[in-house]
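Trainee: I should like to work through this model with you, taking helices, strands and aromatic rings in turn.

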Amino acid sequence: MRRETLELVKPVVTFRAAMLSMIDEYKAAGEDLYQGVVDLAWRDFSAYVRQLEEMDQGIGLLPGWVPQTTYWMVRDNTFIIGTTRLRHHLTAALRREGGHIGYTIRPSERGKGYGTRQLALTLQKAREFGLKRVLVTCDVDNVASARVIEKNGGALSSRGISAISGKCVSRYWIELPEDNPCQIPD
């Protein structure tokens with residue numbers, strides 16, 4: 001059995017067909033995760049990728065937004081399984097809901113362990129970015145996402161009502177200790 005390769009990549013135009021396919025899959029499932037960007041992605045994919053690059057650099061952000069790096073989790077360098085966003089710092093609003101990391105897995109790939117792997121890879125990026133701990137949130141009724149967060153070391157710290165959806169949201173902190181390959185366990 002061939003082992004698949006999974007990696008996080010920054011958005012590039014060569015993944016146009018793969019990304020548009022994923023957007024279509026979300027729409028077919030009744031999930032409008034890409035609301036305003038769908039039109040831009042379909043109309044001018046290069047501009048869409050450029051917009052994500054600018055968000056990474058903090059250029060042209062909407063009021064209240066923070067710089068964030070977007071990654072696509074790609075299988076075998078061809079198929080986008082999901083998207084993850086690493087926010088560089090938190091605002092008061094992101095402390096209530098949103099946190100440092102937001103992630104999605106395309107509907108056809110859910111329940112296969114990809115969410116857990118994608119979050120683990122994103123946590124490694126957060127370490128590389130210099131973060132010592134990250135906040136990840138999910139709706140209380142999103143049991144699958146809560147499991148993904150907990151499998152990656154998330155500790156529930158509080159719950160609150162979303163100002164956006166009105167739903168109850170769980171907040172998890174994940175500690176990011178520095179990896180020390182020379183440390184010998186007791």
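This is a predicted model: local features need pLDDT of at least 70, side-chain atom pairs count only at pLDDT 80 or more; totals for chains, interfaces and linings use all residues.

Trainee: How far apart are the end C-alpha atoms of helix α1?

Mentor: Helix α1 covers residues 16-28, that is, 13 residues. At 1.5 Å a residue, the helix should span 18 Å. The computed separation of the end C-alpha atoms agrees with this, at 18 Å.

Trainee: What is the geometry of the pair formed by the rings of Phe15 and Trp72?

Mentor: A pair of aromatic rings is described by the distance of the centres and the angle of the planes. For Phe15 and Trp72 the centres are 6.4 Å apart. Planes over 60 degrees apart count as edge-to-face. The planes of Phe15 and Trp72 stand at 90°, so the pair is edge-to-face.

Trainee: And what is the geometry of the pair formed by the rings of Phe45 and Trp72?

Mentor: The ring centres of Phe45 and Trp72 lie 6.3 Å apart. Their planes are at 40°, so this pair is tilted.

Trainee: Which strand is joined to β5 by 7 bridges?

Mentor: In strand β5 (residues 133-139), 5 of the 7 residues are buried, so the strand is largely enclosed by the rest of the structure. One of its residues, Cys138, has Ser170 as bridge partner. The 7 bridges join β5 to an antiparallel strand, β7 (residues 168-175).

Terms used
Residues are numbered from 1 along each chain as its sequence is written. Side-chain values use heavy atoms; hydrogens and water are left out. Buried means under 20% relative accessible area, exposed over 50%, partly exposed in between (1.4 Å probe, protein chains only). Helices (H or I, at least four residues) and strands (E, at least two) are DSSP runs, numbered from the N terminus. Two strands pair if DSSP finds at least two bridges between them. The expected span of a helix is 1.5 Å times one less than its number of residues. Rings of Phe, Tyr and Trp (its six-membered ring) pair if their centres lie within 6.5 Å; planes under 30 degrees apart count as stacked, over 60 as edge-to-face and the rest as tilted.
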